[in-house]
Amino acid sequence: MAFQSAITLSILTLALLMLAAGSDAGGIAIYWGQNGNEGTLAETCATGNYDFVNIAFLSSFGNGQTPMINLAGHCDPYSNGCIGLSSDIESCQSKGIKVILSIGGGAGGYSLASADDARQVATYLWNNFLDGTSSSRPLGPAVLDGIDFDIEGGTGLYWDDLARYLSAYSSKGKKVYLTAAPQCPFPDAWVGKALNTGLFDYVWVQFYNNPPCQYSSGEVTNLEDAWKQWISDIPATEIFLGLPASPEAAGSGFIPVPDLTSSVLPAIKGSTKYGGVMLWSKYYDDQSGYSSSIRSHV
């Protein structure tokens, strides 16, 4: 009897160790949509390198504006030219990849004028990109997995309301994933309040174009200190290390592959909230091969 108990205990211990080892494995999130020379969405997902694809961007919305998606050279939304993306989106999802619409971006006109404005934007997103119904879905009938908040301008007002309204739609059936791409200085000036709602599943923090909290030639302390603050103070399911996929992808903050794998990832991967790495963007990743180089280390 005691022998059998010991075997059971050993099997249980082994299972727990395997579970712990598995939980350390992270994924890669990529932004796609801002360069017509980065291949199709279906090709992006077919690489096998990515677990999340953020379609960038819905760059105009809120405050009475007509919402408009901007996918650079990929398709023309003004002539309903992007509805063909539906089959690509479904192809990605069939591989287990979450496809998310990123709203905002570094350029574009967007802001929320009130809590009611946030509610109207949430309704628009639900009907036109998520599981609602509309006669004018810009990306066709495919149902996206969620909404990414890449808010880099305007004000920090009412994004928490937008998060609450969007999250409430999860009760209607398919879960609406909420993600965000804040800057690494803490708290983020735009979505800091929204992140405090605890409604975000994945937060990919931009550790670039922000010298005080990014990696710099052999110095990991600033990044590690900022990372610790993000994982301890933000109630999100998983936090990702957001990086440029090549030196040309950002003004600063690029981490060479050997530095990332030997010093940066080992410093953060032990965190229970560690989710992986986010890269900007598919075009730059194509130039550098960054995701392929780091995939087995993430």
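**A walk through the predicted model**

Helix H8 has a face turned away from its buried side, and that face carries the exposed residues Pro258, Ser262 and Pro266. The model that shows this is a predicted one. H8 runs over residues 257-268, and its twelve residues should span 16 Å at 1.5 Å a residue; the end C-alpha atoms are 15 Å apart, which agrees. On the buried side are Leu260, Val264, Leu265 and Ile268. Viewed down the axis of H8, these buried residues fall within an arc of 95°, so they line one face of the helix. A general rule applies here: an α-helix has 3.6 residues a turn, so residues three or four places apart point the same way. The buried residues of H8 are covered by elements that include helix H7 (221-233), strand E8 (238-244), strand E9 (274-280) and helix H10 (290-294).

H7 can be read in the same manner. This helix has 13 residues and reaches 18 Å from its first C-alpha to its last, close to the 18 Å expected at 1.5 Å a residue. Its buried residues are Leu223, Ala226, Trp227, Trp230 and Ile231. They cover an arc of only 130° around the axis, which puts them on the same side of H7. The cover over them includes H6, E7, E8, H8 and E9.

A compact globule of 298 residues would have a radius of gyration near 19 Å, and the protein has 20 Å, which agrees. Along the principal axes, the C-alpha atoms fill a box of roughly 70 × 50 × 35 Å. Of the 298 residues, 49% are buried. Among contacts with a separation of 6 or more, 72% are between residues 24 or more positions apart. In an unreviewed entry, UniProt lists residues 26-298 as "domain: GH18". The end C-alpha atoms of that span lie 5 Å apart, and the span is 30% helix and 20% strand.

Next comes the interior. In soluble globular proteins, nonpolar side chains tend to be buried together. The largest nonpolar core here has 78 residues, of which Leu125, Leu139, Phe149, Leu162, Phe207 and Leu241 touch the most other members. Helix H4 (residues 115-128) gives the most to this core, with six residues. Leucine 162 touches Ile103, Leu112, Ala118, Val121, Ala122 and Phe149, leaving out residues up to four places away in sequence.

Glycine 27 is in strand E1 (residues 27-32). With a relative accessibility of 8%, glycine 27 counts as buried. Not counting residues up to four places away in sequence, glycine 27 touches Asp51, Phe240, Gly275, Gly276, Val277 and Val298. Its C-alpha atom is separated by 7.9 Å from that of phenylalanine 52, 25 residues apart along the chain. Strand E2 (residues 52-60) holds asparagine 54, which is buried with a relative accessible area of 0%. Beyond residues up to four places away in sequence, asparagine 54 touches Ile30, Tyr31, Trp32, Ile100, Ser102, Asp148, Thr179 and Trp204.

Aspartate 201 sits in a loop, between helix H6 (192-195) and strand E7 (202-206). At 10% relative accessibility, this aspartate still counts as buried, because the cut-off is under 20%. Leaving aside neighbours within four places in sequence, aspartate 201 is in contact with Lys175, Val176, Tyr177, Leu178, Ala236, Thr237 and Glu238.

The backbone has a few features to look for in the loops. A cis peptide bond, with omega about -5°, joins phenylalanine 186 and proline 187; proline 187 lies in the loop between strand E6 (177-180) and H6. The peptide bond from tryptophan 280 to serine 281 is also cis, with omega near -5°, and serine 281 is in the loop between E9 and helix H9 (282-288). Tyrosine 158 is not a glycine but has a positive phi of about 75°. Tyrosine 158 is in the loop between strand E5 (146-151) and helix H5 (159-168), and is partly exposed, with a relative accessible area of 26%. Asparagine 209 likewise has a positive phi, near 55°. The loop between E7 and H7 contains asparagine 209, which counts as partly exposed at 41% relative accessibility.

Notes
Residues are numbered from 1 along each chain as its sequence is written. This is a predicted model: local features need pLDDT of at least 70, side-chain atom pairs count only at pLDDT 80 or more; totals for chains, interfaces and linings use all residues. Side-chain values use heavy atoms; hydrogens and water are left out. UniProt positions are given in the numbering used here, feature names are shortened, and annotations may be inferred rather than shown by experiment. Helices (H or I, at least four residues) and strands (E, at least two) are DSSP runs, numbered from the N terminus. The expected span of a helix is 1.5 Å times one less than its number of residues. Buried means under 20% relative accessible area, exposed over 50%, partly exposed in between (1.4 Å probe, protein chains only). The arc is that of the directions from the helix axis to the C-beta atoms. Contact means heavy atoms within 4.5 Å. A nonpolar core is a set of buried Ala, Val, Leu, Ile, Met, Phe, Trp, Tyr and Cys residues joined through side-chain atoms within 4.5 Å. The radius of gyration is taken over C-alpha atoms; the globule rule is 2.2 Å times the number of residues to the power 0.38.
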